[in-house]
Amino acid sequence: MLEQIRIVLVNTSHTGNIGSAARAMKTMGLTELWLVDPVNPIDDQAIALSAGAHDVLENARVVSTLAEAVADCGLVIGTSARSRTLSWPMLDAREAGEKVLREAPQHKVALVFGRERTGLSNDELHLCQFHVAIPANPDYSSLNLAMAVQTLSYEVRMAWLAAEQANAEPEAGYPLSADLERFYQHLEASLLETGFIIKAHPGQVMTKLRRLFNRARPEEQELNILRGILTSIQKSGRQ
């Protein structure tokens, strides 16, 4: 899915920022970089600051307009400050990462970053279905281009890792209510046998233990282990 995700830099002024953005991308597993009307072509400074991500730079596509860069994308998210005057579908960085991952299996998606000083123009933002704002410190929200690329690339990767883990690990099986009740009966019987609970004065021990195990919510296999431990304790005590 990560191959479906495109980073688009619009009218970047400094080639070093392009190199740093490429580095930020590659560390998170993203490799598709598009440059829209860069002020200067990729040079030695860009390669130096890419710190080994020169392959991302070598394969970067250069086009004249944002429309060209996103023509084959089904989802386009543009970075933007949160607007007070124009109501536009807004996402935070985490929501953007999750949305990108949800749609990547169906079509190409693009994360678009604007000029270092002025960001994206209104016409460019209108090409985006969603805007994303990174919730930085309002008293000092100075994020450079590479930092912004790193932040959103990280959120994309975290969403991807979560999806991979969900696919790789089957949902844990939890015991039925009746099985839990049998466990609690077994636990109480064991504690009575060891003398930890006095039958005439049981107090609140079992109530508190129920709360403990309800918080922990043991899985089916874990409950079987606990039952086995209790059986072992009972056998040892009877011998």
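Student: What is the volume of the largest pocket?

Tutor: The largest pocket has a volume of about 750 Å³. This is a predicted model, where local features need pLDDT of at least 70, side-chain atom pairs count only at pLDDT 80 or more, and totals for chains, interfaces and linings use all residues. Residues are numbered from 1 along each chain as its sequence is written, and side-chain values use heavy atoms, with hydrogens and water left out.

Student: Which residues lie nearest the centre of the largest pocket?

Tutor: Thr79, Ser80, Ala81, Ser141 and Leu143 do, out of 27 lining residues. A pocket here is an open set of points on a 1 Å grid over the protein atoms alone, where a 1.4 Å probe fits, with protein on both sides within 12 Å along at least five of seven lines; lining residues have an atom within 4 Å of a point. The lining has 13 nonpolar, 10 polar and 4 charged residues. Both α6 (122-125) and α7 supply at least two residues each.

Student: How should I read a pair of packed helices?

Tutor: Two packed helices are described by the angle between their axes and the distance between the axes. Take α1 (residues 15-27) and α7 (residues 145-168): their axes come within 8 Å and cross at roughly 15°. That makes α1 roughly parallel to α7 (angles under 35 degrees count as roughly parallel, over 145 as roughly antiparallel, 65 to 115 as roughly perpendicular and the rest as oblique). Axes are lines fitted to C-alpha atoms, and angles run from 0 to 180 degrees between N-to-C directions.

Student: Which residues of α1 and α7 make the contact?

Tutor: Contact means heavy atoms within 4.5 Å. Among the residues involved are Ser20, Ala21 and Ala24 of α1, with Val149, Gln150 and Ser153 of α7. By class, this contact has 6 nonpolar, 5 polar and 1 charged residues.

Student: At roughly what angle do the axes of α8 and α9 cross?

Tutor: The axes of α8 (residues 177-194) and α9 (residues 205-216) cross at roughly 135° and come within 11 Å. That makes α8 oblique to α9. Phe183, Leu187 and Leu191 of α8 are among the contact residues, as are Leu209 and Phe213 of α9. The classes are 7 nonpolar, 1 polar and 3 charged.

Student: And how do α8 and α10 lie, roughly parallel or roughly perpendicular?

Tutor: The axes of α8 and α10 (residues 220-238) come within 10 Å and cross at roughly 25°. The two helices are therefore roughly parallel to each other. Their contact includes Phe183 and Leu187 of α8, together with Leu226 and Leu230 of α10. It divides into 8 nonpolar, 5 polar and 5 charged residues.

How values were computed: Helix = DSSP H or I, 4+ residues; strand = E, 2+ residues; numbered from the N terminus. Nonpolar A, V, L, I, M, F, W, Y, C, P; charged D, E, K, R; others polar. Points joined across faces, edges and corners; volume = space filled by probe spheres on them.
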